[in-house]
Amino acid sequence: MIESYADGGFRSVGQPTARRIVRQGVERKRMGRTLLIHGPSGAGKDRFVDDLLALFFCADPDTTVRPCNACRGCRDGRARSHPDLVIGSPEGWREQKSSSESIVASARRWLLEAAGAPVVAERRVLLIEHADRAGEQIQNALLKALEEPTDRHAFILVADEPSGLLPTIRSRCQPLRIGPVAREELVAYLMDVVRLPADQADAVARLSNGLVGTAVALVEQKGLLDWRRRVQGELLALLERGRADRFVSVRDLLDDTLPLVTPMAAEGETEDDAPRTPASSQRAAAVMLVDAWLALTRDLLVTAAGRVELAPGTELGLHLAAAAARIGTEPLARMAHLLERIHDGLRENAAPRLALEAAMLTWPTLAPRRDS
Ligand SMILES: [Zn+2]
């Protein structure tokens, strides 16, 4: 099973195209001088960069077995402590700037210092994280460095959004896209490496839309699976409740979600000294709620459509089957469609509370069951 995500010394998940390109580069000793690792936030770019650094610094004479993961070069590369590795980022340049210095000057100084000769390896690696968040002046300075011919330096740029880079920088890069991986592959990874039980691995894989970094962050963020169970249980219970209860519940659910999203959402900040506003935290919480709600609605829908085997085998399963049978497919399909629209709307600044209340009004209503 291990082979499905790890092969030939790589420890990241999936990304066969990116792997093939860098492996061929190493074997033919023609690795591009500037690599651009890009893909959505949470896709696992950092894990791929770890592999890449091991590959760059591996000292095994047989290039076909690199990264060997046994030599010092591999270990130091993965630990990001190799003497020939220099790491920069807009956040770092801001932190390192002296009080009289601009962030642009700080970045220029970094580039100058990084331009020294390699100590141990054949090449020095300049790793620039969040390159797409660097301002235009910094990017121009970077462009100058990229234009200077040297085979003793290699650049690895990491970006969520390549469109945030100057076209002149992009055109000098070998782009490697890190995207979502197949669900089975992610489930296998979560079970074998992260040691999650099967049903939780499945839940996390669904929730993270195939994005490995997101999946691992979800697991590390303790309480997330419990939160999801709680939210979905509450939503099922609300099927039998009226409008007043539902609106109270929107407020409670948001309050319950806020502590979970705030640290995660902070990663997306461009200005690290700007505090996250309550409004954007609320929106991030609402997006998370809608995600969990949409997953529940889809599970109900496949169950109502008689395809129970597609629904998750969780403890919610029994309640889910009973509710699905009473609602039927049509209202659930409508609900799923509405939640998808609300999800998009929240990304474009819709008011979180109002959006969730609108969803509550469309969430089907069932007469309370008279259990004997
Ligand atoms: Zn090695």
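Two strands pair if DSSP finds at least two bridges between them. Strands (E, at least two residues) and helices (H or I, at least four) are DSSP runs, numbered from the N terminus. The model is predicted: local features need pLDDT of at least 70, side-chain atom pairs count only at pLDDT 80 or more, and totals for chains, interfaces and linings use all residues. Residues are numbered from 1 along each chain as its sequence is written.

Five parallel strands form an open sheet, in the order β2-β3-β4-β1-β5. Its edge strands, β2 (85-88) and β5 (174-177), each pair on one side only.

Strand β3 (residues 124-128) runs parallel to β2, and four bridges join them. Leu85 stands opposite Val125 of β3. Val86 has Leu126 as its bridge partner. On to β4 (residues 153-159), β3 pairs in the parallel sense over five bridges. Here Leu126 stands opposite Phe155. The chain passes from β3 to β4 through helix α6 (residues 136-147) in a right-handed β-α-β crossover (with the strands pointing away from the viewer, the path from the first strand over the helix to the second runs clockwise).

Five of the five residues of β3 are buried (20 or more other C-beta atoms within 10 Å of a residue's own, with C-beta atoms placed from the backbone). Arg124, Leu126 and Ile128 cover one side, and Val125 and Leu127 the other.

Helices α15 (residues 329-347) and α16 (residues 352-362) pack at about 175°, with axes 10 Å apart (axes are lines fitted to C-alpha atoms over the stretch in contact, and angles run from 0 to 180 degrees between N-to-C directions). The two are therefore roughly antiparallel (over 145 degrees).

Key:
Parallel < 35°, antiparallel > 145°, perpendicular 65-115°, else oblique. Buried ≥ 20, exposed ≤ 12 C-beta atoms within 10 Å, placed from the backbone.
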